[in-house]
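User: I'm new to this one and would like to get my bearings. Can you walk me through it, one question at a time?

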Amino acid sequence: MTLPAAAPAGAAPAQASPSQTLSRGIRALEILAAAPGPLTIAELADAMGVHRSVAYRILRTLEDHSLLVRDDAGRVQPGPGLAVLARGVSRNLQTAALPELTHLANTLDMTAFVAVWDHHDCITLVTVEPRHSGATVAQHPGTRHPINAGAPGIAIQSALTEAEWDRLNTGVPYRTEAGEARRKGYSASHDEVIAGVSSLAAPVRVPGGRPAALAVVYIRSSHAPETVGAALAESAARIERQLA
């Protein structure tokens with residue numbers, strides 16, 4: 001029997017090819033999470049770009065693990081298993097941030113949230129809406145937007161110097177606003193992610209991990225931006241002390 005030739009000394013190991021089935025399953029969950037409501041199997045298959053029989057086999061596996069559920073009409077939507085997995089994502093950050101988010105939301109009368117850095121995007125990790133307000137901007141966990149748009153992304157960049165950012169080779173330019181936010185302790189944006197909506201954010205430095213952002217979104221407010229920015233910076237500092 002002929003054995004395969006050994007790799008030359010010092011050569012990098014061959015990169016394993018990605019699993020197409022796993023990739024499709026993850027893509028199915030991403031589509032369901034972003035959809036405004038339950039989808040039929042045909043709709044999901046079309047969105048995934050696969051035959052309905054392929055989508056059905058993937059869905060059966062995800063259903064077995066409670067990652068999705070089907071209603072009486074056979075439409076599919078995210079299942080309770082995803083909530084169990086989500087609780088483990090940045091667990092320490094979520095635990096430290098939740099009291100601060102609740103305080104900010106109710107004292108500022110704004111939706112408060114934590115955004116984390118994922119490749120070229122910001123993703124909302126956890127959010128709290130004010131208790132006694134009838135008109136607030138919704139910011140659902142899992143919502144994503146480009147990191148180079150909006151106050152959260154600027155705040156995340158501001159946790160690093162421009163030289164540090166460039167060394168990461170992200171392919172995303174360092175915004176000039178990040179330098180200003182680094183000096184002030186918070187960033188601001190308007191009309192960048194959602195038309196007519198403003199956002200303020202402060203960076204949260206996570207030991208051993210990528211920086212995150214503590215942010216609020218609003219349409220109008222009786223609070224001066226400087227007051228809100230200072231409150232965010234103070235809350236972010238308290239979160240960092242909890243994580244240290």
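User: What share of the 244 residues of the protein chain counts as buried?
Analyst: Keep in mind that this is a predicted model, where local features need pLDDT of at least 70, side-chain atom pairs count only at pLDDT 80 or more, and totals for chains, interfaces and linings use all residues. Residues are numbered from 1 along each chain as its sequence is written, and side-chain values use heavy atoms, with hydrogens and water left out. Buried means under 20% relative accessible area, exposed over 50%, and partly exposed in between (1.4 Å probe, protein chains only). Of the 244 residues, the buried share is 40%.

User: How many helices and strands does the protein chain have?
Analyst: Both are DSSP runs numbered from the N terminus: helices are H or I with at least four residues, strands are E with at least two. By that count, the protein chain comes to 9 helices and 8 strands.

User: Why does the pair of W117 and W165 count as stacked?
Analyst: Rings of Phe, Tyr and Trp (its six-membered ring) pair if their centres lie within 6.5 Å; planes under 30 degrees apart are stacked, over 60 edge-to-face, and the rest tilted. This is the structure's 1 aromatic pair. The ring centres of W117 and W165 are 4.9 Å apart, and the pair is stacked because the planes sit at 20 degrees.

User: How many residues apart in sequence are the parts that W117 and W165 tie together?
Analyst: W117 is buried, and W165 is too. W117 belongs to strand 3 (residues 111-118) and W165 to helix 7 (residues 162-167), so the pair joins parts whose separation in sequence is 48 residues.

User: Which residue lies over the face of W117?
Analyst: A charge sits over a ring if NZ of Lys or CZ of Arg is within 6 Å of the ring centre and within 35 degrees of the ring normal. Here the distance from the ring centre is 4.1 Å, and the residue is R210.

User: Which residue meets R238 in a salt bridge?
Analyst: A salt bridge is a side-chain nitrogen of Lys or Arg within 4 Å of a carboxyl oxygen of Asp or Glu, and the structure holds 10 of them. R238, in helix 9 (residues 225-243), has its partner 138 residues away in helix 5 (residues 91-108). The N to O distance is 2.9 Å, and the partner is E100.

User: Which residues are linked with D118 in a network of salt bridges?
Analyst: D118 in strand 3 pairs with a residue in strand 5 (residues 144-146), 26 residues apart. The closest N and O atoms of D118 and R144 are 3.3 Å apart. The residues networked with D118 are D121 and R144.
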